[in-house]
Each structure stands twice: as C-alpha cells, then as structure tokens.
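Please open the model in your viewer and keep the selection panel at hand. We will begin with the whole chain and then go on to single places along it.

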Amino acid sequence: MERYVDFAVQKAVEFLGVDSPSGYTREAESWVIKEFEALGFEAGRTQKGGVLISLGGEDTQNALLLEAHGDTLGGMVAEIKENGRLRIVNVGGLNANNTETENCRVVTKFDGSFEGTLQLINASIHVNGDYDAKPRNWDTVEVVLDEAVKTDEEVRALGISVGDFVCFEPRTRVTKSGYIKSRFLDDKLSVGILLGFAKYLHEEHLTPSRRVYIHVTVYEEVGHGGAASVPDGVTEAISVDMGCVGEGLTCTERQVSICAKDSGGPYSYEVVKKLIAAARKEHADYAVDVYPHYGSDVEATLSAGHDLRHGLIGAGVYASHGYERSHKDGVLNTLRVLKGYLFP
C-alpha cells in the first residue's frame, strides 16, 4: 500500500483547498464526484448533498459502507455591526480561542466573496490594556473585512448579509519528515485515504467479494451527516474519520486508531475485533482507544434507525478542531487496515 500514500496525501491537500463548512459544500461535493469518477467508479450526489460511490463487489446482501465526511468547521455571519465589523457564530465545533487572527473569506449569497481576519475586538495590544484578560468567545471576537468599510450600510452595499458563510484558511503544509499539518484534516485526510484505496483497487484490478460503498457526507460536523442514504443490503458501516491523539490515549499521528467506544457508546464488538485482526494481518501499526469527547457519522446512521454493525478507524490526528497534525505513516496504516478488512 506504500505506493498509494503520496497519492492519498496529494488528494487530501487538494481537497483541503476547497472551502466546505457544513451547509456550504456544493463545490466540495463536485470535487469528490470528479475524483472518484476519474478512477473509474460510479459516484452520485444524494438529495442531502452527500456523495455515494460504489467500489463494486458481488455480494449485495452483506454490503459494507465506508463513511467519511467532506464538511468542515466554519462560521456564519450573525450580525453586521454599525462600525462595519461582523459578529459571527460557529458552524460545528469551531472554537474562538484557536481561530483568533485566522484569515477567512466571507462568501455572500449572490455577490462573490470578501477576505477578512477574525480578531479580538479592540485587538491592538498597545491600545487594549485588557488584551490578556479578555475571554475569547464568539461575543468578543469579530471579522474585520479587508475592505474600506466603516458602517453597516457600506458592508451591506458589498452584498454581505446575515447568513453568509465564513470560511477559514486551512494553512496546509506537508513537511519533509512526513507530517501533515492543516486545519480540517478532520475529515478531508480520510477522503484522501479513501481515494488512495480506490486507486489501489483500480490499478490492481481488484473487486471485493462483498459490495462496498463509500458515503462522503456533508453534515457530520453538525451531527446528522450519516443519518440517511444507506444503500440496501448494507450490514456493516465503518466511519473513516480522524483518530484521537492526546493525554490518556495511546494513539500517535503515525498510527491508525481503532475506536472501541466514544461519547455515543461502544462500537460493535465484532467489528472492532475484525478491525484489529485486519491490522495484525497487514502489519499495520495500530492503537485501540476510548475517545472521551467524540461522535461519528456511523453513530448518526444508527440513531436514524438503520440496522447494522458499526466501527470507527482513522489516522491519528493531534490538536483536533484546531490546527491539526497527522503523518504519512498514519495514512499508510489506515490503508493497510482497509485492505485487511476487505480482503481477509
């Protein structure tokens, strides 16, 4: 699987350059369709906006669904202030503490986009004596537009209005030592991994014995991405999302994480065991962890009433929902688990 790692990372980097906060994902959906079709697989958009892909396989009554998400955290304009600044609210779990000073784009509904920066209100340290003590939350930060505007009327004249999306710069870098750093590796790195796995199937002329579908969802960050569009015959669903790295956990950025339980409860014991067996068979460097604060697409699938077994894997990601970091080795080990699971 080593030969597909760079391709997976390259595609993830490309995808990270496509803005897609939950609810503003049309361009990202088109990108996903184009990339899977380029590898020879059928891909189509759901009514909700997700993308369903079939990787083939004869046994349609014991099908596997792999779920990853193409939506990210972001913001939305909640108020145009009298001084021409914007109060925003978060889309998903974006945190004001680690988004301060980040460059962003305000995407209007009809008049293009405008650049700006998220700043603390009264952000100049030489002026604001309370700079250090001020809490950072969505009431104390604002978007400062890179336009010559000083009033709310001037901002509205640009075409900016309440409900416009705010997209933040990912600042993507891949280091010589193989580390991948960016906002929104959760979960665009996994979409890259699934494209790498699809390329492996295509180039090796492999067809799984059971039907395999991929669902790239677009509302995971707000909790209902995987709640719909499960094809008939699916008996198992596995989220391919980020693996958690942090205190109390054993996973690193260079491993693949297999989640046994998160805030939504235990994952299928049978699926977890099979994932571990797949990792061992393919000599993947893996960790099994319990995530304290996490929810996944596949839990939304179960909550919607679908009768299936579920699991969760992902390349280890540090600093989740902030400026995240993973590694090419984590990509490789995730690819190995996918191979071992589909070709036991």
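This is a predicted model: local features need pLDDT of at least 70, side-chain atom pairs count only at pLDDT 80 or more; totals for chains, interfaces and linings use all residues.

Switch to a cartoon view, in which 7 helices and 19 strands can be followed through the protein. The C-alpha atoms fill a box of roughly 65 × 40 × 40 Å when it is taken along the principal axes. The radius of gyration is 21 Å, which agrees with the value near 20 Å that a compact globule of 344 residues would have.

Buried residues make up 57% of the 344 residues. If you consider the contacts between residues at least 6 apart in sequence, 76% of them join residues at least 24 apart. Now colour the charged side chains: there are 35 positive and 51 negative ones, and the centres of these two sets lie 4 Å apart.

Next, select aspartate 186 and aspartate 187, where the peptide bond that runs from the former to the latter is cis, with omega near 15°. Aspartate 187 has its place in helix H4, which covers residues 185–203.

Move on to threonine 101, in the loop between strand S5 (86–91) and strand S6 (103–107). The phi of threonine 101 is near 75°, a positive value in a residue other than glycine.

Finally, select histidine 283, in the loop between helix H5 (269–281) and strand S17 (286–290), and note that its phi, near 55°, is positive although the residue is not glycine. Is histidine 283 buried or exposed? Histidine 283 counts as exposed because its relative accessibility is 66%, and exposed means over 50%.

Definitions and conventions:
Residues are numbered from 1 along each chain as its sequence is written. Side-chain values use heavy atoms; hydrogens and water are left out. Helices (H or I, at least four residues) and strands (E, at least two) are DSSP runs, numbered from the N terminus. Buried means under 20% relative accessible area, exposed over 50%, partly exposed in between (1.4 Å probe, protein chains only). The radius of gyration is taken over C-alpha atoms; the globule rule is 2.2 Å times the number of residues to the power 0.38. Contact means heavy atoms within 4.5 Å. Lys and Arg count as positive and Asp and Glu as negative; His and the chain ends are not counted. The place of a charge is taken as NZ of Lys, CZ of Arg, CG of Asp or CD of Glu.
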